[in-house]
Amino acid sequence: MKRTLIILMSVLLFLGACSSKPKEPPFVGDWEVAASDKGRCHDFFSFYKDGTVSYSRTGGQTTTGTYKQVNGATYRIDYGSAGSDTIELKAEGNTLTTKFGNADSKACTYMKKQQ
């Protein structure tokens, strides 16, 4: 009986581990810069479930790449042959705060666009 219980528990543990999906980052979605940061920060960010990102300024060039978590809230955006950046991403509810990794970078605030 004890052996059967151990085998059953092991199978359940294994199945539970196999069926769990990676957690979707809280910043996936479309974001628009907050009024207080217009003109100083990018106007739009779009983060997708597949690990791609695009961002732009109104009437400006759109930049695209892929993102990957480095550590905690720090992510690396890879632009292919154009290089890469590190960015800190903190999403709380309908607010996203970003800060690119260079020392002179200032934090920018974004509001989630309603679908």
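Colour the chain by secondary structure: from the N terminus, the elements of this predicted model run α-β-β-β-β-β-β-β-β. That is one helix and eight strands, where helices (H or I, at least four residues) and strands (E, at least two) are DSSP runs numbered from the N terminus. Residues are numbered from 1 along each chain as its sequence is written. In this predicted model, local features need pLDDT of at least 70 and side-chain atom pairs count only at pLDDT 80 or more, while totals for chains, interfaces and linings use all residues; side-chain values use heavy atoms, with hydrogens and water left out.

**Barrel**

Select the strands. Eight strands close into a barrel in the order β1-β2-β3-β4-β5-β6-β7-β8, with antiparallel pairing; two strands pair if DSSP finds at least two bridges between them. From one strand to the next, the twist averages 35° (axes are lines fitted to C-alpha atoms, for helices over the stretch in contact, and angles run from 0 to 180 degrees between N-to-C directions).

Next, show β1 and β2, which pair in the antiparallel sense over four bridges. Here Gly29 has Phe47 in β2 as its bridge partner.

**Core**

Switch to side chains and select Phe27, Phe45, Phe47, Tyr67 and Tyr110. In the largest nonpolar core, which has 19 residues, these five touch the most other members. A nonpolar core is a set of buried Ala, Val, Leu, Ile, Met, Phe, Trp, Tyr and Cys residues joined through side-chain atoms within 4.5 Å. The elements giving two or more residues to this core are β1 (29–33), β2 (44–47), β3 (52–56), β5 (74–78), β6 (84–92), β7 (95–100) and β8 (108–112).

Centre on Phe27. Leaving aside residues up to four places away in sequence, Phe27 touches Phe47, Tyr67, Tyr75, Leu89, Ala91 and Leu96, a contact being heavy atoms within 4.5 Å.

**Salt bridges**

Which salt bridges are there to select? The whole structure holds three, a salt bridge being a side-chain nitrogen of Lys or Arg within 4 Å of a carboxyl oxygen of Asp or Glu.

- Glu24 and Lys49: the closest N and O atoms are 3.9 Å apart. Glu24 is in the loop between α1 (2–19) and β1, and Lys49 is in the loop between β2 and β3, 25 residues apart. Glu24 is partly exposed at 42% relative accessible area, and Lys49 is exposed at 67%.
- Asp37 and Arg40: the N to O distance is 2.8 Å. Asp37 is buried at 7%, whereas Arg40 is partly exposed at 39%.
- Lys90 and Glu88: the closest N and O atoms are 3.3 Å apart. Lys90 is partly exposed at 44%, and Glu88 is partly exposed at 32%.

Buried means under 20% relative accessible area, exposed over 50%, and partly exposed in between (1.4 Å probe, protein chains only).

**Surface**

The protein exposes about 8,200 Å², of which carbon and sulfur atoms supply 54%; accessible areas come from the Shrake-Rupley method with a 1.4 Å probe, and for residues only the protein chains shown count as cover. Of the 115 residues, 26% are buried.
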